[in-house]
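Hi everyone, thanks for coming. Let me put the model up, and then we'll walk through a cavity and a pair of helices.

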Amino acid sequence: MKSKVHNKEIDSTNARDCISFIYNLHLARRIFCAKMSKSPHLKVNSASTVMVDNFRQSLYHQAENLFSNYIPLKIVHLDNLLKEDALSITDLSSLQAPLDIPIPEPPTPEEEEMETDKNEEEEKKKKKAPKCGFIKGNEKIVMLLDRVKPEILALRETCITVSCWIQHLIPKIEDGNDFGVAIQEKILERLAAVKTKVDGFQTNINKYFSERGDAVAKASKDTHVMDYRSLVHEKDEAVFSEIRVILLDMRGFYAEFYDIISKNQEKVTNPKGEEKPSMY
């Protein structure tokens, strides 16, 4: 009998300890929640919220117009541009621009003998400026570049707009069901890679003018060196090929954007599979 009473007392003590532990745990949780509720929150002006929401809606409309009208028209436009006569030249030598740089007469044997007797320092002092006037650039190439540069700018802006649109469609970070978010991130990575390559197009154009200018300067200075003249023509022919490659790439990028968004539209606009797509 005594052992039974003793066991009952132990069970009663354990029960009280358990109840006390649960009570203290609940109390600690309430205190923690009360402290968290007093922590500072980001205060956002309601007017600012409205402005951002308006921008977001405008961005969604821009994206809708891009994929329903703008990008398909751009693909057709670039395709037609590549078929024009000015960009379908097969004989690249026809692109060569005349260089108004006089070719000096070859020196006579007497002049060559006198040259060897002259001091090098004196020769530098007596060196005259090249007898050539204003040297124009290659007008055919410049006209083509004037048509390509706006297309480069338009594609850069398209990359930025689409990227911003997808960023706004990414839901808040939660556990599970993130396959749609993974697709969004993959598309954003591709957009960033394309934009980097498009930025390089403008760099290549700037490089052409710089390198061609150096070649013309050398050709006008060392007028007796025919290789410098050939180098100028080589630069013109090379940039023509580069222009075609740029247009082909841009047409391909637009087609790629349209294809990848069309195939993954549901996952891009509604990554969590909610009843109401986050795009709207």
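**A cavity and a helix crossing**

Let's start inside: α7 contributes the most to the lining of the largest cavity, four residues. Before going on, this is a predicted model, with local features needing pLDDT of at least 70 and side-chain atom pairs counting only at pLDDT 80 or more, while totals for chains, interfaces and linings use all residues. Residues are numbered from 1 along each chain as its sequence is written, and side-chain values use heavy atoms, leaving out hydrogens and water.

A cavity here is a set of points on a 1 Å grid over the protein atoms alone where a 1.4 Å probe fits but cannot get out, and lining residues have an atom within 4 Å of a point. The largest cavity holds about 40 Å³. Its lining is Val162, Ile187, Arg190, Leu191, Glu256, Phe257, Ile260 and Ile261. Two or more of these residues come from each of α6 (179–221) and α7 (226–263), helices being DSSP runs of H or I, at least four residues, numbered from the N terminus.

Now to α5. Asn138 caps its N-terminal end, with a side-chain oxygen 3.2 Å from the backbone nitrogen of Lys140.

Finally, helix α2 (residues 46–83) and helix α5 (residues 139–169) have axes that come within 10 Å and cross at roughly 145°; axes are lines fitted to C-alpha atoms over the stretch in contact, with angles from 0 to 180 degrees between N-to-C directions.

Technical notes:
On a 1 Å grid over the protein atoms alone, a cavity is a set of points where a 1.4 Å probe fits but cannot get out, and a pocket is an open set with protein on both sides within 12 Å along at least five of seven lines; lining residues have an atom within 4 Å of a point. Grid points are joined across faces, edges and corners, and a volume is the space filled by probe spheres set on the points. A polar contact is a pair of N or O atoms within 3.5 Å; within protein, one must be able to donate a hydrogen and the other to accept it, and residues adjacent in sequence count only if both atoms are side-chain atoms.
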